[in-house]
Amino acid sequence: IQGRVLEVGDNSYTLRFGGARVTKSDVLDNRPRNKAATFVDDITKANTIPSDTFDCFVCTQVLVLIRQTPEAIREMCRILKPGGVALITVPGISN
């Protein structure tokens with residue numbers, strides 16, 4: 001986690017694991033009541049976020065809640081700079 005980072009919901013992982021390597025931390029949320037959100041938008045069509053903006057996108061436990069997963073992944077790729085990294089977690093069950 002480094003450079004300009006976008007995290008969904010809050011920036012707790014950005015701050016915890018990025019530290020001084022983070023030059024700017026932004027938060028994406030689709031809920032306008034989230035005062036921490038610097039971008040209020042839908043990840044499946046994030047019209048307010050310019051292309052090639054972020055070095056890192058942190059998306060933990062979000063994709064499971066989205067019906068248009070391919071659209072969300074396309075948007076993540078669009079807003080990441082070339083060579084940018086998406087850190088994504090999804091729930092799973094194993095034996």
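Author: A polar contact here is a pair of N or O atoms within 3.5 Å, where within protein one atom must be able to donate a hydrogen and the other to accept it, and where residues adjacent in sequence count only if both atoms are side-chain atoms. The model is a predicted one, in which local features need pLDDT of at least 70 and side-chain atom pairs count only at pLDDT 80 or more, while totals for chains, interfaces and linings use all residues. Residues are numbered from 1 along each chain as its sequence is written, and side-chain values use heavy atoms, with hydrogens and water left out.

Serine 25 belongs to strand S2, residues 22-29; strands (E, at least two residues) and helices (H or I, at least four) are DSSP runs numbered from the N terminus. Although serine 25 and asparagine 11 are 14 residues apart along the chain, their C-alpha atoms are separated by 7.0 Å. If contact is taken as heavy atoms within 4.5 Å, serine 25 touches Val5, Asn11 and Thr14, leaving aside residues up to four places away in sequence. Serine 25 is partly exposed because its relative accessible area is 23%, where buried means under 20%, exposed over 50% and partly exposed in between, with a 1.4 Å probe and protein chains only.

Threonine 53 can be described in the same terms. Threonine 53 lies in the loop between strand S3 (39-40) and strand S4 (54-60), and it is buried because its relative accessible area is 10%. A polar atom of the side chain of threonine 53 lies 2.7 Å from the backbone oxygen of proline 50, and, again not counting residues up to four places away in sequence, threonine 53 touches Arg4, Ile79, Leu80 and Lys81.

As for the whole chain, its secondary structure comprises two helices and five strands, which follow one another along the sequence in the pattern β-α-β-β-β-α-β. Of the 95 residues, 35% count as buried, and among contacts with a separation of 6 or more, 52% are between residues 24 or more positions apart. The C-alpha trace spans about 35 × 35 × 30 Å along its principal axes.
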